Amino acid sequence: MISLAVRAGLSPGFSPTPPDDSAIEEVVTAEAGLRPPAHVTLRVTPLVEEDACVPRGAPVACLRDAPDICLVAPMPARVARITLQPGRKLTEIVLFHDEGGGVQRHDVSGSSRPAGLRALMQRAGLWPWLRRRPFGGMPAVDEVPAAILVMAVDTRPAAPDPLVAIAGREESFERGLRALKRLTEGPVLVCHAAGREDAIPAMGVRVQPVPVGPRHPQGAAGIRLHEAWPAGLDAPVWDLHAEDVAALGRLLETGTLPMNRLVSVAGPALRAPRLVRTQPGASLRGLSFHDLHPGAHVLLSGDPLGGHPAEWLAPRDRQVSALSRPEAAAPPHWLIRALTRSARPRPVIPTAALDQAFGAQIPAAAFVRALSAGDDEMAMKLGALSLLEEDVALADYVLGGEADLQGMLRVMLDRIRTEFAA
Amino acid sequence: MIRGLWTRETVALMLLAAYLPLAVFWLGHGGGAAALRLALAVLVIAGWNLVFMLARAQPPSAAALVTALAVAMLAPEGLSVVQMVLGISFGTVMGELVFGGWGRNVVNPATVTLSFLGFGFPGAPWPDFVDPVAWAAIPAALIGLASGTLPGALLVSAALAGGGLAWAGLLDPDVLPAAGIVLVLLVADPVTSAATTLGRWLNGALYAGLMALFATGWAGAAPVQMAVAAALLAALAAPLLDETALTIWFARRRRRHGRL
């Protein structure tokens, strides 16, 4: 029964993907951009002028509602452009690489206390790499999580292996885990590939390893959380990538936050997929243009299932997916459109593929019905608060994109948040 | 951004593929009369689908062919064309189309049609199947299982419960062929059967249990008639079984995590 649960899931076809033993190139793209994730509004106060030179890791803006939380420069750079919408909503901050900028050092003396550690993470730009559930987004300044999930496994198609990413930095990873223990009273759950227990340091009862099977969505944070430690309205859970934990360890050790992360550049629009170490916010064109097939294509920040078309690598993403842009199909005849319009979204037929798309963890048909009927209460009982769009992306893929589960889940989460905030 | 293929129409086509062995054997043994019944059922169902597409903009589905096959195979024999048209119209419209088309229905339209014909024209004899047609239900179930379109837990639990009851002498072996065909065609419908794993186990067992009950207690009924009645009751009980399964699932989660 246990082995069945570990084997549940699907392996969506996506190629070409970087081979496991491919060489890792160090790349710093000439441009980088800071942009809020899709469907998130960030109100910011810029801390630098356009054309100013900033060292790597220096704050370039802070949140207007929480000035302690900073967005930092991912590389030594000159600020090219800061674009804000009315209400100081961030559109994007574009930076040009400039070798002479240097590196920002942070004072780590207070980090032995939880409050000091928190302040350091917020000041050093690590806070946006955290994500909270329920509802998603970065945690509030003073939020205390009920548990922290560290993802040392990634089962999305073409995702880079986090254990490869932290290879050689095991000490920093351990130091980061120890720091995370100070942020929560609850457990720190470390998800790792089944059979790779050796890669996770044994650190006492509060750091719990969670073995994970090889197929997607076994390694999706929401599905793991749903099984191991469900998030609730008054029990927020944070999740963080293992490489970012190693970066936190390095920050505590040296006072500088490493800004290179292992990113896979893959997809059918590429001649050769590759693994690179690059900075968050890297220009997707800069990472891929040498290898692209001629012809129309679309670059996604994130995995091919749930990624978004973008110009810059989003703060938490570790994949660039290059897809051929499908030719725009001719619009259906007006009579056909008129005769078939009432059944959108199309009904979802419960099949084994749908069950597997939720890792056989959640009663899939009941969950999809609750989502499409807008039954918040039922969806919450089924675990919607632990899930985010990326966790249902596989189900959306399986259903051929007709159901728009990601959109419906986002609408439902926003509605639940508004209702319970009132 | 990349798209898989399990849309509603893919599932309908895979179901059709699964039922092909049944259809081929049945048509092979039934000859022209069987083909005519199938053609009539397809024609009437297609007509009503067209009406609902024009009136309510509901796109038709290839699953209509599955309904037509089930009706043509299982409907009582010796009915006039008018009687058949009446029954099929009632089943298709009230069983499926008024709910919004295939995928939103709560009972299988073929089950509704057959129950209507059975209640409405009780004098008509129910069909009997030669053994090769009954055996063809097994490859049909296997194709459905392999493609994941038929609920595996339901088929396995019905087979286990049915086999157990037959072994214990509670289920007359004579009804097994008809029960098997109805199980594959009507009870294992992915839309209207239970949708949770535990619910599917219960659903299959309930169908087998009802078959045993009818086989022992319903004197004078034909095997297909009993199987259709059991399928109707099992489909009506499916939401209840799902609810039970979810209640148990919630209770287990609450015990494990202290909250939902």
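**Note on the A/B interface and the salt bridges of chain A**

1. B:R256 and A:E227 form a salt bridge, with 3.4 Å between the closest N and O atoms. A salt bridge here is a side-chain nitrogen of Lys or Arg within 4 Å of a carboxyl oxygen of Asp or Glu. Across the interface of chain B and chain A the rule finds 2 salt bridges.

2. This is a predicted model, in which local features need pLDDT of at least 70 and side-chain atom pairs count only at pLDDT 80 or more, while totals for chains, interfaces and linings use all residues. Residues are numbered from 1 along each chain as its sequence is written, chains are lettered from A in the order in which they are written, and side-chain values use heavy atoms, with hydrogens and water left out.

3. Chain B gives 33 residues to the contact and chain A gives 45 residues (contact: heavy atoms within 4.5 Å). The two chains bury about 3400 Å² between them, 63% of it on carbon and sulfur atoms. Buried area is the accessible area (1.4 Å probe) that two parts lose on being put together, summed over both. On the side of chain B, the residues that lose the most area to chain A are B:M1, B:I2 and B:R259, together 20% of what that side buries.

4. Over all chains, the salt bridge count comes to 34. One of them joins A:E92 and A:R35 at 3.1 Å, N to O. A:E92 lies in strand β8 (residues 89-97) and A:R35 in the loop between β2 (31-34) and β3 (44-46) of chain A, so the pair ties together parts 57 residues apart in sequence. Strands (E, at least two residues) and helices (H or I, at least four) are DSSP runs, numbered from the N terminus. A:E92 counts as buried at 8% relative accessibility, whereas A:R35 is partly exposed at 42%. Buried means under 20% relative accessible area, exposed over 50%, and partly exposed in between (1.4 Å probe, protein chains only).

5. A:D244 and A:R318 also form a salt bridge, the closest N and O atoms being 2.5 Å apart. A:D244 is in helix α6 (residues 242-254) and A:R318 in the loop between β17 (308-309) and β18 (319-324) of chain A, 74 residues apart. Both ends are buried: A:D244 has a relative accessible area of 3% and A:R318 one of 6%.

6. Salt bridges that share partners join nine residues into one network: A:R131, A:R133, A:D154, A:R156, A:D239, A:D303, A:R316, A:E390 and A:D391.
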